[in-house]
Amino acid sequence: MTEEAIHTSNFITQIIDDDLANHKYETIVTRFPPEPNGYLHIGHAKSICLNFGIARDYNGLCNLRFDDTNPSKEEVEYVESIKKDVNWLGFSWNGEPKYSSNYFDKLYGYAIELIQKGLAYVDELTPDEIREYRGTLTSPGKNSPYRDRTVDENLALFEKMKNGEFEEGKACLRAKIDMASSFICMRDPVIYRIKFASHHQTGDKWCIYPMYDFTHCISDALEGITHSICTLEFQDNRRLYDWVLEHITIEHHPHQYEFSRLNLEYAITSKRKLNTLVKEHIVDGWDDPRMTTISGLRRRGYTPAAIREFCRRIGVTKQDNTVEFSALESCVREDLNEHAERRMAVLNPLRLVIDNYPEGQVEQLEATNHPLKPELGTRKVPFTRELFIEAEDFRKEANKKFKRLTLDKEVRLRYGYIVKAESCEEDADGNITCVHCTYIPESLGQDVEGHKPKGVIHWVSATESKKAEVRLYERLFKVSNPGAAEDFLATINENSLKIIDNAYIEPALAEAAPSQAFQFERTGYFCLDSKYSTDDKKVFNLTVALKEDSQKAAE
RNA sequence: UGCCCUGUAGCCAAAUGGUAAGGCAUGGGAUUUUGAUUCCCACAUGUGCGAGUUCGAUCCUCGCCAGGGCAGCCA
């Protein structure tokens, strides 16, 4: 998966192909325009891959533009996280990051132009009245009594708005379009409102801020965007996008195209709801490994390549869709299977004593780091008389499908010897506390005539291994579509985080580097937790479990 | 009961007038010192429904049905 498809085709790239063939454009320019009011999530990754991917595939440009027209919801923390996430996903934007707020002066000028053309007016209806006058989905609206003010009057009033001479909500600037339009966003949309809020980029320079519909199209035009790609809910807004650009004096007129946003099972792709989880401390921040935010996926151990591949596989259309979570997991497994070195770790230790192995002896067995990549080398794994194996890898007795250790039967210890379970000890409650076995000295690295182990299990030396914390995760929600629930907080899976504080890792894992992925053999893929892991106490996150043979459940 | 958009397999998604790609999932089988990986095989007489145009329709036309979006001084 190192080489991604150079050109993935979808209805938008088909339009671009046509535009290029017709010489409508020579260079394709796109943009990714997040509002810095939250962290990016997997849904944004789809848009990022689309916009930056097009720029890459067509040798074009993609701007990163913060759509920061609402200072009361936005923060610099978010702009920083967004830059980091876009870069981490493997993309770089054209030039410096842009901000809609860069264009506030020009936007103000275009508002004046509209007023001068008699196409905008200062309305003094209250917000409630504006809503009443707007009409409904099935009935037309009616004109505001302030709609026919003179140009001069509007100019003076808009100036007063800018100078802070109106209170918030007492006046706003509206485009004069059509109160009877079947597109509600064309019923004299508000294009400027008063907000006495300081802005993270412009400070207290302004007390009036332009609305999205007025800002976005002009920002696109000013940046020379050719294809302005957004999600389906903006389809109606396209009429207003075009109206604004047709009625002001501006060089470019980009075209807007809409695609369907990603819905992922068992995940939430609403910044507002994600924010609730963070603010209510239901999760451990925006980067909680259970979150499908970019930062959460990163901390969980997902790779940029896996996320990009996922976005490639799901495609881009206008159809509503809900992608199964397994589609995402398949992408990380594919990447990690190829790139993650293999290690052994025991999460639920059961003592295994090899009665015929010399006490005190430590043998350094050689283990390959990757079964299909000898170039990744080998490492030493200490083998001793007492080991830990997974408790679930031993049963006193079991049916034929059980491919692990049972009394009087043999298994191979991965990279080591064949052992035969002879007896086990139990506590007062009947829990198995220790298994005694014998090993076959000549079985190291080779089969032995007459011995057919039932399977291969992983292990760790009881005396040479290190203790570690391992965090296992399940889906954050109990239902496949938490976003549709009346109260999505009620669908939280209380068991989504399981902390194992007495896991044992082979010595080589104590050297694990942050952001290095490992496969704990027969268990899953893991990485160090960037937040809680320390030199003294390693903490590993489960990225994704290995697939399990369905026969395993039938044993 | 207005306008806009969308209906191809369990989930994504190609093909856009020439007779239904691919991926995920699922079920079988082979290989395997990871029940992983890898490799084979199976998986839509069918494109929401009904008409029409055509030699031929998933594709064009009309009607119907279903789903989504739109009534923030949010984006």
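Q: What percentage of the 555 residues in chain A do buried residues make up?
A: Buried residues account for 53% of the 555; buried means under 20% relative accessible area, exposed over 50%, and partly exposed in between, with a 1.4 Å probe and protein chains only. This is a predicted model, in which local features need pLDDT of at least 70 and side-chain atom pairs count only at pLDDT 80 or more, while totals for chains, interfaces and linings use all residues. Residues are numbered from 1 along each chain as its sequence is written, chains are lettered from A and ligands numbered from 1 in the order in which they are written, and side-chain values use heavy atoms, with hydrogens and water left out.

Q: And what is the secondary structure of chain A?
A: Chain A has 12 helices and 27 strands. Helices (H or I, at least four residues) and strands (E, at least two) are DSSP runs, numbered from the N terminus.

Q: Helix α11, then: how many of its residues are buried?
A: Eight of the 11 residues in α11 (304–314) are buried, and the helix is mostly covered. Among the buried ones are Arg308, Glu309 and Phe310.

Q: What covers them?
A: The cover of the buried residues of α11 includes α2 (42–57), α3 (76–88), α10 (294–300) and α12 (325–339).

Q: Which residue takes a positive phi just after α11?
A: Gly315 does, with a phi of about 75 degrees.

Q: Where is Asn59 found, and is it buried or exposed?
A: Asn59 is in the loop between α2 and β2 (61–66). Its relative accessibility is 70%, so Asn59 counts as exposed. Its phi is near 55 degrees, a positive value in a residue other than glycine.

Q: What about Asp188, buried or exposed?
A: Asp188 counts as buried because its relative accessibility is 0%. Asp188 lies in the loop between β5 (172–175) and β6 (190–194), and its phi, near 45 degrees, is positive in a residue other than glycine.

Q: Changing topic: in what order do the seven strands of the open sheet stand?
A: The order is β10-β25-β26-β27-β23-β24-β11, with mixed pairing; two strands pair if DSSP finds at least two bridges between them. β10 (341–343) and β11 (345–346) are at the edges, each with a single partner strand, so one side of each has no neighbour in the sheet.

Q: How many bridges join β11 to β24?
A: Two bridges join β11 to β24 (residues 497–505), and these strands run antiparallel. Val346 has Tyr504 as its bridge partner in β24.

Methods. Contact = heavy atoms within 4.5 Å.
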